[in-house]
Amino acid sequence: MDYNCRANFDADKKAWRVAISGEIDIYNSQTLKDSLGKLIAEHAVDIYLDCEKLEYIDSTGLGALVAMLKKVRQFGGNFHLVNVKASILKIFKITDLDKVFVIEGEAHE
Amino acid sequence: MNNDNKVAGEVIELALPVNPAYVSAARLTASSIANRMNFDIEEIEDIKAAVSEACTFIIRKSGRNDVPGKFSIVFSLDNEDLKIRLLSEVISGEQQAEDNDFGLMMIKALMDDVVISDTLEGAIQIDMKKVKKVLIGF
């Protein structure tokens, strides 16, 4: 299973709303990083990543998100993760990344 | 119906190319085996993630070889636990000090016994085990 990423710019909230689905691993994590990087280059604003349909993310995917978090932080922004599945939230907790990302709402599996 | 006694003692071997495209195949296999062994949903996710991270670890290290090769994953099924061994080919060249910290952190947190070692020949071996939770009834 690969992944899909749809992004919309919310002009009212001045934020990127990105819906991600599928699985992120070593095969496609660089692609995700590049895609998110392009969004930030276009508009340096907060990112809201809707993870409701994200089935799996590995350590390389986490690394990609951390790299984007650092970019967003450079201009004082935040990286929000929304509707994260319990199995994925567990990975964020194991790596202590639940302390650096803003995690809002949990998806029901 | 408890089918544990039908899987105990069985060994499943997977040989994969050192290619990120097939890590998902390892996840699917691990998931399928763990499900057959009646691990619960959370344990199946743990095993799937740990196998994926172990594959990623080996692929990253093996990528330094001039010629991409293969690595193996051996699943040994027992009544009480699942043992998994990954073995790379010989890794040539100097080992870089930097490792995928998140990946190793995840493997060690998700599995019950984890040993990562270099073989005498210079290959990487990852041994890990997942023990079934004991359900205590009243």
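Guide: A salt bridge is a side-chain nitrogen of Lys or Arg lying within 4 Å of a carboxyl oxygen of Asp or Glu. The structure discussed here is a predicted model.

Visitor: At what N to O distance do the side chains of E42(B) and K90(A) meet?
Guide: Side chains of opposite charge can pair when their charged atoms come close. For a salt bridge the nitrogen and the oxygen have to be within 4 Å. The side chains of E42(B) and K90(A) do meet in a salt bridge, and the N to O distance is 2.8 Å.

Visitor: Which elements hold E42(B) and K90(A), and what does the pair join?
Guide: The N to O distance of 2.8 Å belongs to the salt bridge between E42(B) and K90(A). E42(B) lies in helix 3 (residues 41-62) of chain B and K90(A) in helix 3 of chain A, so what the pair joins is two chains.

Visitor: Is K90(A) buried, partly exposed or exposed?
Guide: A residue is buried under 20% relative accessible area and exposed over 50%, with partly exposed in between. K90(A) has a relative accessible area of 23%, and therefore K90(A) is partly exposed.

Visitor: Which helix of chain A gives the most to the side that touches chain B?
Guide: Between chain A and chain B, six residue pairs are in polar contact, with both residues at pLDDT 80 or more. On the side of chain A that touches chain B, helix 2 (59-74) and helix 3 of chain A each supply at least two residues. The helix that gives the most, with five residues, is helix 2 of chain A.

Visitor: Which three residues supply more of the area that chain A buries against chain B than any other three?
Guide: In this pairing of chains, 17 residues of chain A are in contact with 22 residues of chain B. The area buried between them is about 1600 Å², of which carbon and sulfur atoms give 65%. The three residues, which supply 34% of the area that chain A buries against chain B, are I26(A), Y56(A) and S59(A).

Visitor: Which residues does T95(A) touch, not counting those up to four places away in sequence?
Guide: T95(A) is found in the loop between helix 3 and strand 5 of chain A, and with a relative accessible area of 6% it is buried. A polar atom of the T95(A) side chain lies 2.9 Å from the backbone oxygen of I91(A). Not counting residues up to four places away in sequence, T95(A) touches L62(A), F102(B), M105(B) and M106(B).

Visitor: How many residues apart in sequence are the parts that the pair of F79(A) and F101(A) ties together?
Guide: The rings of F79(A) and F101(A) form an edge-to-face aromatic pair, with 5.4 Å from centre to centre and 90° between the planes. F79(A) lies in strand 4 (residues 79-84) of chain A, whereas F101(A) lies in the loop between helix 3 (86-94) and strand 5 (102-106) of chain A, so the parts tied together are apart in sequence by 22 residues.

Visitor: Which residues form one aromatic cluster that includes F79(A)?
Guide: F79(A) is buried, with a relative accessible area of 0%, and F101(A) counts as buried at 3% relative accessibility. One aromatic cluster is formed by F79(A), F92(A) and F101(A).

Visitor: Over the face of which residue does R17(A) lie?
Guide: R17(A) is partly exposed, with a relative accessible area of 32%, and R17(A) forms a salt bridge with D10(A), the closest N and O atoms being 3.1 Å apart. At 4.7 Å from the ring centre, R17(A) also lies over the face of Y48(A).

Methods
Residues are numbered from 1 along each chain as its sequence is written. Chains are lettered from A and ligands numbered from 1 in the order in which they are written. This is a predicted model: local features need pLDDT of at least 70, side-chain atom pairs count only at pLDDT 80 or more; totals for chains, interfaces and linings use all residues. Side-chain values use heavy atoms; hydrogens and water are left out. Rings of Phe, Tyr and Trp (its six-membered ring) pair if their centres lie within 6.5 Å; planes under 30 degrees apart count as stacked, over 60 as edge-to-face and the rest as tilted. Helices (H or I, at least four residues) and strands (E, at least two) are DSSP runs, numbered from the N terminus. Buried means under 20% relative accessible area, exposed over 50%, partly exposed in between (1.4 Å probe, protein chains only). A charge sits over a ring if NZ of Lys or CZ of Arg is within 6 Å of the ring centre and within 35 degrees of the ring normal. Contact means heavy atoms within 4.5 Å. Buried area is the accessible area (1.4 Å probe) that two parts lose on being put together, summed over both. A polar contact is a pair of N or O atoms within 3.5 Å; within protein, one must be able to donate a hydrogen and the other to accept it, and residues adjacent in sequence count only if both atoms are side-chain atoms.
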